[in-house]
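Here is a friendly walk through one model, with an eye on its charged side chains and its strand pairing. Have the sequence and the 3D view open as you read.

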Amino acid sequence: MLRIATALFLLAPAMASAQCLTAEALDTGITVEYGSGSTSYIQRTDYGTIIDAHYDVFDYDYYGQIVLFETIDGVFEARRDTHRKDTWESDDDFGMAYDFEVEMARPYTADTRGNGVLTLLDSRYGPTDVSFGWSAYESDPLVVGDCSYEAVRVFTTEFSLRRGEVFTREIKYLPELGFGIQTGNSYYAMPASNANIVSMTAS
C-alpha cells in the first residue's frame, strides 16, 4: 500500500539516511527536497509505474498545491491529478495515452529522441490529441550531499497548434536508480530553483 496520503498531509520529514540511495529505495519511497522549497514523495507502484506526489509551494497564490504525477520511469506521464493543499478535491485530472510504445525509449541514452501523438484524456472535456516529442542529452552527475548519481537530461514537449500551446518538462533521469526526477515543468510554471536538488532520502 502506498503511503502517499501520510506523506502529503502529515508532511512528516523522512528519516535521514547516511547511505546513498539504491534502486530498491523506490519500493518504500524516496523524499526529494528542491531548492524552491517544494517536496516530492516518489514511490514505485505494485504494477510498475512511478508515483510522484509533488507538493508545490508556489501555486494558488502561495497557498500551495499537490500534484500526483503517475509516470513510466519518471519520464513519460501516464496521469496527473492536481489538488489544493489539504483536500482531495481534484482541480485538474488528466490521463495520457501515446500512439507509440513509450518503453521503446529506454534506456534514455544521450542523443536519442522520438515523437508521436499524445492523447490527453481530460476528465471534464474528453480526449484531445497533441503533438509530442522527447529528447535526451548528456548531463553532469547529480550530486546530493556526499552521493553522486549518473544522470541524463530528458525533455518532453507537448504542442497544440489549435490551442497555440507548448508545454515542456525537464527530467533528470538517474539510470542507477531507474527513475527520473522532474526538475522543470512549464505547465505548472515550476521555478528554476527546482533544478537544485537539496536532498534525497529513503523512507
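## R163 and its partner

R163 is partly exposed, with a relative accessible area of 40%; here buried means under 20% relative accessible area, exposed means over 50%, and partly exposed lies in between (1.4 Å probe, protein chains only). The side chain of R163 meets that of E165 in a salt bridge, at 3.9 Å from N to O. A salt bridge is counted when a side-chain nitrogen of Lys or Arg lies within 4 Å of a carboxyl oxygen of Asp or Glu. E165 is partly exposed too, at 29% relative accessible area.

Elsewhere, salt bridges that share partners join E77, R80, E158 and R169 into one network. By the rule above, the count comes to nine salt bridges.

## How to read the model

This is a predicted model, in which local features need pLDDT of at least 70 and side-chain atom pairs count only at pLDDT 80 or more, while totals for chains, interfaces and linings use all residues. Residues are numbered from 1 along each chain as its sequence is written, and side-chain values use heavy atoms, with hydrogens and water left out.

Side chains of opposite charge can pair when their charged atoms come close. Helices (H or I, at least four residues) and strands (E, at least two) are DSSP runs, numbered from the N terminus. D73 is buried, at 9% relative accessibility, whereas R106 is partly exposed at 41%.

D27 and R44 form another salt bridge, with their closest N and O atoms 2.5 Å apart. This pair also links distant parts of the chain: D27 sits in the loop between helix 1 (4–9) and strand 1 (30–34), and R44 in strand 2 (residues 39–44), 17 residues apart. D27 counts as partly exposed at 45% relative accessibility, and so does R44 at 26%.

## Strand 8 and its neighbours

Strand 8 (residues 126–138) runs antiparallel to strand 7 (residues 113–122), joined by ten bridges; two strands pair if DSSP finds at least two bridges between them. Together they form a hairpin with three residues between them, and D122 stands opposite G126.

Strand 8 also pairs with strand 11 (residues 152–160), in the antiparallel sense and over eight bridges. There, A136 has V154 as its bridge partner.
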